[in-house]
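Start with the sequence and model below.

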Amino acid sequence: VSKESFGGWLGKRIYAGNADDYYYLQGTVRGWSPIASASVLGQWQMKRLGVDRDEAGVAPWFQEEEEDDSEEEEENVQGSGAIEQVEAIKEGEQ
């Protein structure tokens, strides 16, 4: 969706987003004016009204990502193995 003001003399705003979820939408506002270059002006979030909360579930922007946690745990495991190897090398040198 886009919005021009006064025939485009004061610039234009473009509201863009992804429709991944039936109950929640989110996106960005981009725009420009004759005296400012194109840039991201803000973000927006929308919730569908008239729907039961249990049916809609938790909004995507409030959900915690589990993938990041598992990657951090894998890095910690790999890092601890490297530390043990360094300590074993140091002990072998002494």
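Buried means under 20% relative accessible area, exposed means over 50%, and partly exposed lies in between (1.4 Å probe, protein chains only). At 19% relative accessibility, serine 33 therefore counts as buried. Buried residues make up 12% of the 94 residues in the protein.

This is a predicted model, in which local features need pLDDT of at least 70 and side-chain atom pairs count only at pLDDT 80 or more, while totals for chains, interfaces and linings use all residues. Residues are numbered from 1 along each chain as its sequence is written, and side-chain values use heavy atoms, with hydrogens and water left out.

Now the fold. The protein has 2 helices and 4 strands. Their order along the sequence is β-β-β-β-α-α. Helices (H or I, at least four residues) and strands (E, at least two) are DSSP runs, numbered from the N terminus.

Next, the strand pairing. Two strands pair if DSSP finds at least two bridges between them. Strand β1 (residues 2-4) and strand β2 (residues 12-18) run antiparallel, joined by 3 bridges. Here serine 2 stands opposite isoleucine 14 in β2. β2 also pairs with β3 in the antiparallel sense, over 7 bridges. These two strands form a hairpin, with 5 residues between them. Asparagine 18 stands opposite glutamine 26 in β3.

Back to the serine. Serine 33 lies in strand β3 (residues 24-33). What is serine 33 in contact with, leaving aside its neighbours within four places in sequence? Leu10 and Gly11. Contact means heavy atoms within 4.5 Å.
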